[in-house]
Amino acid sequence: PGSCLALCVCSEPAKTVKCVNGNLSAVPPDLPPYVRTLFITGNPLARLPPGAFSSQRLPDLGALNLSGNHLHTVEGDAFAALPALRQLDLSGNPLASLSPRAFGEAGSPLEELALRGSLRNHSILHNLTATLQSGVLRNLSRLELADNGLLLLPAGMFSALPALRQLDLSNNSLVGLRNVSFQGLGQLQSLNLSGNSLSVLRNGTLAQFRSLPALRRIGLARNTWVCDCGIEDLVAWLKESDQVEGKEALTCAYPDKMLGKALLKISSSDLDCSVPVDLPSQLQTSYVFLGIVLALIGAIFLLVLYLNRKGIKKWMHNIRDACRDHMEGYHYRYEINADPRLTNLSSNSDV
C-alpha cells in the first residue's frame, strides 16, 4: 500500500507492520493507522525523541517490538502518544538513558515490558527504578529483566507495581536479595531467579515468599548454593513449600565435600554447625578477645614495673648521672675551644 514505507512489510488483514533490517535511523513517519502490531528491529535506530510516535495517529497500536536495534536513549514522552500500547519489547538494545517520563505522566496502559539484555550499562538501572517507582506503569503485569548481568537490585524497585504477575530476573549475577522487597506484589504468580549467583536465601526473603498468596512458581535453578549452617532455613522451606519448580534438582556448589549434593537431602548431620558462621558475630568475638588479651598484657606490665620500682629508680639515676657526666665533658671541651689561650696551652701540652 502507498501508506507504507518501501523498507517495511505491511499487512492490513493482520494489522501488522514489519520494518526489519531496513537501515532505519528513525521511526517511519507514514505508518498506516490500522496497525496493531509493529516490528522495528535490526535497525540503526539510536534514539527515541519526545513524541516519537505523535506525528501520526496510531490509536490501535497495542504491541511494539523495538528489539535488536542500537537504541541507547529513550527520552521523555517517547511513548506517550500511544493510548492502546500494551506490550513493549526493548530487548537487545544498549540502553544508556531511559527517561522516567518516557511513558508520560498521566499513566500508561502498558502491561508487558521486556528489557532482556538491555541493562548492561548499569547506570540505567536507576532510571528504570525511578520509572517503575513513579507509578506510571501501575498496570504492568509482566516485567522481563533477564540477561543483564545485574549484581544487586535497588531497594523498593517493585514497590509501585501492584498488578505485577510475572517477574523474570533469570541469567543475571544476583548475589543476594536482602534489600529487595516483594511486599505489595499481591498478584505475583511467577518469579524466575534461575541462573544467578545466589548462595543462600535468608529468613526475611523466605517470609516474603510465604506471604504472597498468588505466588506459585519460583525458579531457583543454576545458582551457587553454599551448603553450610546458613542454608538450614532454605532447606527447611524447600521441604515444606510447593512453590519452587524443579526443587529436586537444586544442588550444593560449595564446599567441596558437599558439591553436587541435593539440597532436599541435606540433614543437620551433614552441616558442621559447631561454630557460628555469622561473620559479624565472629569479628565481634575476636575484638572482645583481643581487648581482654591487651588488658592482661597491660596489667602484667604495670605489675612488673611496680615490683621493680627500686631497681628502675636506681637505673634511672644511673642514666641521669651518665648523661650529666657526658654533658660536662662537652661543656669543658667547649670552654677550651672558646678561649684562645686555653687552646694554645692545650696545643703546647699536646706537643
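**Entry 1: a leucine to start with**

In which helix does Leu-302 lie? I found Leu-302 in helix H4; helices here are DSSP runs of H or I with at least four residues, strands are runs of E with at least two, and both are numbered from the N terminus. Before going on, I noted that this is a predicted model, where local features need pLDDT of at least 70, side-chain atom pairs count only at pLDDT 80 or more, and totals for chains, interfaces and linings use all residues. I also noted that residues are numbered from 1 along each chain as its sequence is written, and that side-chain values use heavy atoms, with hydrogens and water left out.

Is Leu-302 buried or exposed? Leu-302 counts as exposed because its relative accessibility is 55% (buried is under 20% relative accessible area, exposed over 50%, partly exposed in between, with a 1.4 Å probe and protein chains only).

**Entry 2: the nonpolar patch**

Leu-302 belongs to a nonpolar surface patch of about 680 Å², together with Phe-301, Leu-305, Ile-312, Trp-315, Met-316 and Ile-319. Patch residues have over 30% relative accessible area and no salt bridge; like charges are joined within 9 Å, and nonpolar side chains (Val, Leu, Ile, Met, Phe, Trp, Tyr) within 5 Å. Helix H4 (279-307) and helix H5 (309-338) each give two or more residues to the patch, and H5 gives the most, with 4 residues.

**Entry 3: domains and core**

I checked the domain bounds, which come from an automatic or database domain assignment. Domain 1 covers 9-270 and domain 2 covers 278-305, with 51 Å between their centres, taken over C-alpha atoms.

Next I looked up the largest nonpolar core, which has 85 residues (a core is a set of buried Ala, Val, Leu, Ile, Met, Phe, Trp, Tyr and Cys residues joined through side-chain atoms within 4.5 Å). Among the residues with the most contacts inside it are Leu-48, Phe-158 and Leu-263. Strands E2 (16-20) and E3 (37-41) give two or more residues to this core, as do helices H1 (124-133), H2 (203-211) and H3 (232-240).

**Entry 4: salt bridges**

How many salt bridges are there? I count 10, each a side-chain nitrogen of Lys or Arg within 4 Å of a carboxyl oxygen of Asp or Glu.

Glu-144 and Arg-116 form one of them, at 2.5 Å from N to O. Glu-144 is in strand E10 (residues 142-144) and Arg-116 in the loop between E9 and H1, so this pair ties together parts 28 residues apart in sequence. Glu-144 is buried, at 8% relative accessible area, whereas Arg-116 is partly exposed at 29%. Glu-144 also meets Arg-142, at 3.1 Å from N to O, and Arg-142 is partly exposed at 27%. Shared partners join Arg-116, Arg-142, Glu-144, Asp-147 and Asp-168 into one network.

**Entry 5: a buried asparagine**

My last stop was Asn-148, in the loop between E10 and strand E11 (166-168). Asn-148 counts as buried because its relative accessible area is 1%. Outside four places in sequence, Asn-148 is in contact with residues including Arg-116, His-122 and Asn-171.

Notes: Accessible areas come from the Shrake-Rupley method with a 1.4 Å probe; for residues, only the protein chains shown count as cover. Contact means heavy atoms within 4.5 Å.
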